[in-house]
Amino acid sequence: MLTRNPRPHLQLLVESRTRPRWASSDSSPDPPKPEKKLSDRLSAVIDAVNDRKLPPELRGRSNAVRSETDIMNVVEQRIWHSMEEGQFENLPGKGKPLDLKTNPHADPAEDTLYRILMRNGFAPEWVELNKEIRCKINEWRLSLKKAWDKRLDGHDAKWVEESEALKAQLRAINDKVLHYNLIVPFGRQMCGLKWEKELSQMER
């Protein structure tokens, strides 16, 4: 006579606890690992390209490059080493005047326009504006020096009046500087005047 197992549910419970969680009844293979995201792969490519742009001394050390100054220091060191080795001694055109008729770094259309203006006695607007701004800055600083000397002589009331006029002139100069920076070729921008900085120069 066959006897039934009185506690089949206990056996099933023990088997379920001893079986690993990743195991399954059909013994399916491990799930595939997720592939790297596209953004991560693109970032790796960009980092590799940027690393190739660095001087050989800094390649593989991108984390050590904190600013452009670090790169410039390496470039200057290489220039000095080249000078010490005499690599600049036999350059073509050494001892001859530079040919400044054309600018190899300027846009060809702009370079042609500038040469036409120069031949007819004209200059680009930003060149004339640069001269005007520098002239006004020199005149303004002379006026500030005179007003400051009066203040040192005890004319405080006169200083208050003249300082307000000087501040208005400073704002007008900075407006011209802003216009100049908008029309000047890249890399030729100039800084405006700051009242506090100019006064600190007077106090020295």
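User: Start with the surface. Which residues make the nonpolar surface patch?
Analyst: Val75, Ile79, Trp80, Met83, Phe88 and Leu91 make a nonpolar surface patch of about 550 Å². Bear in mind that this is a predicted model.

User: Where is Trp80 found?
Analyst: In helix 3, which covers residues 68–84.

User: And is Trp80 buried or exposed?
Analyst: Trp80 counts as exposed, at 52% relative accessibility. The cut-off for exposed is over 50%.

User: What about Ser82, buried or exposed?
Analyst: Ser82 is buried, with a relative accessible area of 17%. Ser82 also sits in helix 3.

User: What does Ser82 contact, leaving aside neighbours within four places in sequence?
Analyst: Gln87 and Phe88. Phe88 is also one of the patch residues.

User: Zoom out for me. How many helices and strands does the chain have?
Analyst: Seven helices and zero strands. Along the sequence, the pattern reads α-α-α-α-α-α-α.

User: How much of the chain is buried?
Analyst: Buried residues make up 16% of the 204 residues. The accessible surface comes to about 17900 Å², and 55% of that belongs to carbon and sulfur atoms.

User: Now aromatics. How many aromatic pairs are there?
Analyst: The structure holds three aromatic pairs. One of them is Trp148 with Trp159, an edge-to-face pair. Their centres are 5.5 Å apart, with 85 degrees between the planes.

User: Which parts does that pair tie together?
Analyst: Trp148 lies in helix 5 (residues 125–152) and Trp159 in helix 6 (residues 156–183), so the pair ties together parts that are eleven residues apart in sequence.

User: Are those two buried or exposed?
Analyst: Trp148 counts as buried, at 7% relative accessibility. Trp159 is buried as well, at 9%.

User: What other pair does Trp159 form?
Analyst: Trp159 also pairs with Trp195, and that pair is stacked. The figures are 6.2 Å centre to centre and 25 degrees between the planes. Trp195 is in helix 7 (residues 195–203), so this pair ties helix 6 to helix 7 across 36 residues of sequence. Trp195 is buried, like Trp159.

User: Which residues make up the aromatic cluster?
Analyst: Trp140, Trp148, Trp159 and Trp195 form one cluster.

User: What does Glu198 touch, beyond residues up to four places away in sequence?
Analyst: Trp140, Arg141, Leu144 and Leu193. Trp140 is a member of the aromatic cluster. Glu198 is found in helix 7. At 8% relative accessibility, Glu198 counts as buried.

User: OK, charges. How many salt bridges?
Analyst: The count comes to four. One of them joins Glu132 and Lys176, at 3.1 Å from N to O. Glu132 lies in helix 5 and Lys176 in helix 6, so this pair ties together parts that are 44 residues apart in sequence.

User: How accessible are Glu132 and Lys176?
Analyst: Both are partly exposed: Glu132 at 32%, Lys176 at 29%. Another spacing here is Glu132 to Ile173: 41 residues apart in sequence and 9.6 Å apart in space, C-alpha to C-alpha.

User: Which salt bridge does Lys145 make?
Analyst: Lys145 meets Asp149 at 3.0 Å, N to O. They are four residues apart in helix 5, so about one helical turn separates them. Lys145 is partly exposed at 39%, and Asp149 is partly exposed at 30%.

User: And what does Lys150 bridge to?
Analyst: Glu162, with the closest N and O atoms 3.2 Å apart. The pair links distant parts of the chain, helix 5 and helix 6, twelve residues apart. Lys150 is partly exposed at 35%, whereas Glu162 is buried at 19%.

User: Last one, cysteines. How many disulfides?
Analyst: Zero in the whole structure. Cys135 is partly exposed, with a relative accessible area of 40%. Cys191 counts as exposed, at 69%.

Notes
Residues numbered from 1 in each chain as written. Predicted model: local features only at pLDDT ≥ 70, side-chain atom pairs only at ≥ 80, totals over all residues. Heavy atoms only, no water. Phe/Tyr/Trp six-rings, centres within 6.5 Å; stacked < 30°, edge-to-face > 60°. Helix = DSSP H or I, 4+ residues; strand = E, 2+ residues; numbered from the N terminus. Buried < 20%, exposed > 50% of the residue type's maximum accessible area, 1.4 Å probe, protein only. Patch = residues over 30% accessible without salt bridge, like charges linked within 9 Å, V, L, I, M, F, W, Y side chains within 5 Å. Areas by Shrake-Rupley, 256 points an atom, 1.4 Å probe, with all protein chains shown as cover. Salt bridge = Lys/Arg side-chain N within 4 Å of Asp/Glu carboxyl O. Disulfide = S-S within 2.5 Å. Contact = heavy atoms within 4.5 Å.
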